[in-house]
Amino acid sequence: MSTILSISDLRKSYADGFEALKGVSLDIAEGEILALLGPNGAGKTTLISTVCGITTATSGSVTVGGHCIKTDFRAARSMIGLVPQEINLEPFETVLNTVRFSRGLFGKPRNDALLEDILKKLSLWDKRDNQIKELSGGMKRRVLIAKALSHEPRVLFLDEPSAGVDVELRKDMWEVVRELRESGVTIILTTHYIEEAEAMADRVGVIARGEILLVEEKSDLMARMGKKELEVLLTEPVTAVPDALKMHDLRLGEGGRSLIYTYDVKAERTGITTLLNDVAAAGLVLADVVTRQSSLEDIFVDLVSGEAA
Ligand SMILES: Nc1ncnc2c1ncn2[C@@H]1O[C@H](COP(=O)(O)OP(=O)(O)O)[C@@H](O)[C@H]1O
Ligand SMILES: [Mg+2]
């Protein structure tokens, strides 16, 4: 699949000297949904703002559909739709005019059939003559999406699409995003909800303190989630995994007081029975046995807290 957006060693220092992006590189394939997961202050909005030309990069490069955002800004920008984190709509304007105006800003000719199509897709057509101030928060967010789509972008950024949106509407939003992807739009969304990344993304990137910590296919991350750990606590600590247990792929727990065994929950045989028999045969005495499931949440928390970084 071809690359539609390429970010290379992007750095951004704000005027006060704070380095919000520390050399971010990321390639986005045409047609994918990438969720950028990161805690508040990670640099998600800065990354999006830099790619969209709202702030300028300190160094590094970005190309959209082969157009450089520095030397070919208008062409690059016209390929991008941005749904900002904050709702910034004119309260007395109607829905249709809001979206029409937005298309005009990009110098595109009026195309009411296209706008009708976008508004219908977002279930806003019945509200087209309503003023923005008459809409619910969820509907306003849909108007932001309609605005972002009005100039027919090929890449859509959604910055925290479900911040402040209740659970019901969030599911709605996920449906809308999936439908957009089916219509061929590439989507990059930021979120600090792991559940949201799980529900929507093809790939998940984790960003913290201005750095991308990992980018992985969601299915690979999910496969990792399927792993469970069994910790065998010993009455007497050991200095190494005994030779007699080498075939079991064990790690030594803290202070040698336990042996940690990782297994796949979905596997036909977990190997636990054999392991416990072999532990006893090796002359070790069990004090207790504990199981743990590693989740995307654990992986995420470890990564952003810096323990695994
Ligand atoms: N205009 C600015 N001047 C100085 N620092 C800023 C500015 N905007 C954002 N920051 C800082 O940059 C970091 C990243 O912010 P932001 O990109 O908004 O993070 P996120 O969207 O992941 O929550 C934060 O520490 C924030 O305080
Ligand atoms: Mg943000």
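Which residues in H3 meet which residues in H5? I took this as the opening entry, working on a predicted model.

**Entry 1: H3 and H5**

I listed the contacts and found that Val95, Thr98, Val99 and Ser102 in H3 meet Val143, Ala146 and Lys147 in H5. Sorted by class, the residues of this contact comprise four nonpolar, two polar and one charged. I then looked up the geometry: the axes of H3, which spans residues 95-105, and H5 come within 8 Å and cross at roughly 30 degrees. Angles under 35 degrees count as roughly parallel, and H3 is therefore roughly parallel to H5. I noted the crossing of H3 and H5 as right-handed.

**Entry 2: H5 and H6**

I turned next to the packing of H5 (residues 137-149) with H6 (residues 167-182), where the angle is about 15 degrees and the axes lie 11 Å apart. H5 and H6 are therefore also described as roughly parallel to each other. Their crossing is right-handed. From H5, I recorded Gly138, Arg141, Arg142, Ile145 and Leu149 as meeting Leu169, Asp172, Met173, Val176 and Leu180 in H6. The residues of this contact divide into six nonpolar, one polar and three charged.

**Entry 3: Nonpolar cores**

Which residues have the most contacts inside the largest nonpolar core? I found Leu119, Ile145, Leu156, Leu158 and Ile187, in a core of 45 residues. H5 gives the most to this core, with six residues.

Setting aside residues up to four places away in sequence, Leu156 touches Gly81, Leu82, Val83, Ala148, Leu149, Leu180, Val185, Thr186, Ile187 and Ile188.

**Entry 4: Leu276**

Is Leu276 buried, partly exposed or exposed? I read its relative accessibility as 26%, and Leu276 therefore counts as partly exposed. Leu276 is found in helix H9, residues 272-281. Leaving aside neighbours within four places in sequence, I found Leu276 in contact with Val232 and Leu286. I also looked up the separation of Leu276 from Val289: 13 residues in sequence, and 9.7 Å in space from C-alpha to C-alpha.

Note on methods: Residues are numbered from 1 along each chain as its sequence is written. Chains are lettered from A and ligands numbered from 1 in the order in which they are written. This is a predicted model: local features need pLDDT of at least 70, side-chain atom pairs count only at pLDDT 80 or more; totals for chains, interfaces and linings use all residues. Side-chain values use heavy atoms; hydrogens and water are left out. Axes are lines fitted to C-alpha atoms, for helices over the stretch in contact, and angles run from 0 to 180 degrees between N-to-C directions. Helices (H or I, at least four residues) and strands (E, at least two) are DSSP runs, numbered from the N terminus. Angles under 35 degrees count as roughly parallel, over 145 as roughly antiparallel, 65 to 115 as roughly perpendicular and the rest as oblique. A crossing is left-handed if the near helix is turned anticlockwise from the far one by less than a right angle, and right-handed if clockwise. Contact means heavy atoms within 4.5 Å. Ala, Val, Leu, Ile, Met, Phe, Trp, Tyr, Cys and Pro count as nonpolar, Asp, Glu, Lys and Arg as charged, and the others, Gly among them, as polar. A nonpolar core is a set of buried Ala, Val, Leu, Ile, Met, Phe, Trp, Tyr and Cys residues joined through side-chain atoms within 4.5 Å. Buried means under 20% relative accessible area, exposed over 50%, partly exposed in between (1.4 Å probe, protein chains only).
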